[in-house]
Amino acid sequence: MISDFPPAALLILGALLVPFFKGNARNWYVILLPAVAFYLISQLQVGSSWQVHFFGFDLTFLRVDKLSKVFGYIFTLNAVAAFVYAFYLKDSTQHMAALLYIGSAIGVVFAGDLVSFYFFWEVMAVTSTFLILSRKTKKAQAAGMRYIMVHIFGGLCLLAGIVIYITETGSIAFNAMADRNLGTYLILIGLLVNAAAPPIHAWLPDAYPEATVTGGVILSAYTTKTAVYTLVRGFPGWEILIVVGCIMTIYGIIYALLENDMRRILAYSIINQVGFMVCGVGIGTMMSLNGTVAHAFCHIIYKSLLWMSAGSVLYMVGKSKCTDLGGLYKTMPWTLIFGGIGALSISSFPATSGFTSKSLIIDGAIHEHLVWVWLVLEVASAGVFLHAGIKFPYFVFFAKDKGLRPGETNKPMLIAMAFMSFMCIFLGLHPQPLYNILPYEVHYQAYTFNHVVAQLQLLMLSALVFFLFLKLLKRTETISIDTDWFYRKGGRLFYYITDKVLNGINRLSDRVFVGGLAGALGRVSRRGPEILTLGAMIPLWSAGGARGKALQDKIEKTRATLRTGASPIGITAALATIFLVVVFLLM
Amino acid sequence: MKQKKEFDWFERPESIKKMWIMLYVVCGLLVVPDFFTHRHAYFGFDGFLGFYALLGFVSCSLLILFSKFVGLVLKAKEDYYDK
């Protein structure tokens, strides 16, 4: 049945055929695949499922409800735009990796059980790494390695959690987790690694900015948003997520303000934005969960758009540091305009999609009377305009003219950006089509006079502060140290400490055992018979009347025979007998 | 052949001055509606005149100053990890 065909399978199997296409046909093919997947998802009936019996488990590869469908829509829609943007690209490895990555992200979203969910989750981690490695720079190779190591750690936490959970509950179904025990907390940690929650977030700003031009666009959408999906599915109303989310919103802003690399600024702003969504999951009401899903939907669009505009600058100029960029409005006006629309959307400017989605989360906090949460989210909203809304476009396109005259980027890139810009404004002005596909019913009006005025006050004063403090925000040629320090520098520190400690122990045991004990043992075994013999013989000789020189002679003679091993058999046998008698008596 | 002059409006001192004036005027005008409309206060303290403007101004100033402060410790040379 076409209506029950898992859309993930289409992309994953389709990816394997990519090498058979050449030139433009390949580019059209990769655009067409997610477009067909989008159509398939629109045909899926809510409530239908597709199960496979496997090793004693009933694996549900397709679980269709409103929540999985809305993520399916945006994942495929974004994929179409990303592949249009990547039309210039003649690299089938990247296209294959991207399709497998997107396909497995859709697999996660439609997985109805923990086993198949975990399978797709791991495929995502592996395939996404190739989008980083394909940059083929030394930095990208190193960042890619760190990226996969962190995800292996997260995957192991998740696996351990899933095993404990299945053992305890006896069920592999992936639904809201009620019990709070070791198993569910391990699952939560595994998911939060992918959601880039501090302190396990540093893989994101470390690796994404090292990815290829299109790799950055694609990566920005899927890993963190599948994590958001799984949190909505498994952990709604877990209060700890409110705290985690609030920390993420502020953390992202602080680091984005410190950063010099434009794509690293955008990477930190992902953490900031996902923070809003995680917070919405923690609040856990229908309104805030709707808000989280709506915000994820809009976020994927405007964040892709921002990465696209940064990507076209990188593609045309080959530079990504703010200190190297500036004055590009003269030669890249369309990239500026589209990037600007993305910047306004992420800042929740009225008439853009961020305004109609983020307000749901913030109102969710108000309805629950969470005053501190509300305040943090408002402060973070103002801060978004600072770092992503103004800082990114200002330092890249305006600021100081660095004499760069690259010219506008290629047409497919502009078409993709135009489409995403249209979506940002369309959902900003007409959010109802989006509200209709959210998991719960929505009765919400974002555009009240007071709400618009309040939001504009917040944002325009934020803009004023930016320009008043411009001197303090002057870019420096620096990087900012984040928690990846612990496994980049800390690794070396760890090496140093273990080197000192373990090799110290080594040297000490060498001295004690090899130099000391072994020598002593050698001496004992060499001189043992001598001591035993003399110990037994001296009293006998003394009793026999030997004194002084005569006794000394006897002792020397015995020593000499024992050292050369030349004692007569009779004496050896006598000694052995004495020894056995002594041992027997002692026992 | 005379080269076409580049569009450089955003760099001219007089346009920068104009943009500053615009920014101040917009910020000022946005507080005006607060005189005439009553905004429902959710938590009691958020209903007063120009609350969101003040919130935006204060929070952004603090965010910048705080990031500047932590930047003293967290900023490192670009080749920090290569050494």
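1. Two strands are said to pair if DSSP finds at least two bridges between them; helices (H or I, at least four residues) and strands (E, at least two) are DSSP runs, numbered from the N terminus. In chain A, strand 1 (residues 49–54) and strand 2 (residues 57–63) run antiparallel and are joined by 6 bridges. Within this pair, A:His53 stands opposite A:Asp58 of strand 2 of chain A. The hairpin of strand 1 and strand 2 of chain A has 2 residues between the strands, and A:Phe55 takes a positive phi near 50° there.

2. This is a predicted model, in which local features need pLDDT of at least 70 and side-chain atom pairs count only at pLDDT 80 or more, while totals for chains, interfaces and linings use all residues. Residues are numbered from 1 along each chain as its sequence is written, and chains are lettered from A and ligands numbered from 1 in the order in which they are written.

3. On confidence, the model scores ipTM 0.92 and pTM 0.86. pLDDT is the predictor's confidence in each residue, from 0 to 100. Chain B has a mean pLDDT of 87, with 96% of its residues at 70 or more. In chain B, helix 3 (residues 51–74) has the highest confidence, at 94, and helix 2 (residues 33–36) the lowest, at a mean of 86.

4. Chain A is divided into domain 1 (1–235), domain 2 (236–483) and domain 3 (489–586); the bounds come from an automatic or database domain assignment. Between the C-alpha centres of domain 1 and domain 3 of chain A there are 69 Å.

5. Helix 3 (residues 66–85) and helix 4 (residues 92–110) of chain A pack at an angle of about 170°, with their axes 9 Å apart. Helix 3 of chain A is therefore roughly antiparallel to helix 4 of chain A (angles over 145 degrees count as roughly antiparallel). Axes are lines fitted to C-alpha atoms, for helices over the stretch in contact, and angles run from 0 to 180 degrees between N-to-C directions. Among the residues making the contact are A:Phe71 and A:Phe75 of helix 3 of chain A and A:Ile102 and A:Ile106 of helix 4 of chain A. Two residues are in contact if their C-beta atoms, placed from the backbone, lie within 7 Å. By class, this helix contact has 8 nonpolar, 2 polar and no charged residues. Ala, Val, Leu, Ile, Met, Phe, Trp, Tyr, Cys and Pro count as nonpolar, Asp, Glu, Lys and Arg as charged, and the others, Gly among them, as polar.

6. The contact between the chains takes 41 residues from chain A and 38 residues from chain B. Helix 18 of chain A gives the most to the side of chain A that touches chain B, with 15 residues. That side of chain A has 28 nonpolar, 7 polar and 6 charged residues. Strand 3 of chain A also pairs with strand 1 (residues 75–77) of chain B in the antiparallel sense, over 3 bridges. A:Ser480 stands opposite B:Lys75 in strand 1 of chain B.

7. Some backbone geometry deserves a look. Most residues other than glycine have a negative phi, and most peptide bonds are trans. A:Pro198 and A:Pro199 are joined by a cis peptide bond, with omega about 5°. A:Pro199 is in the loop between helix 7 (182–194) and helix 8 (203–207) of chain A. A:His369 is not a glycine, yet has a positive phi of about 60°.

Note on methods: Angles under 35 degrees count as roughly parallel, over 145 as roughly antiparallel, 65 to 115 as roughly perpendicular and the rest as oblique.
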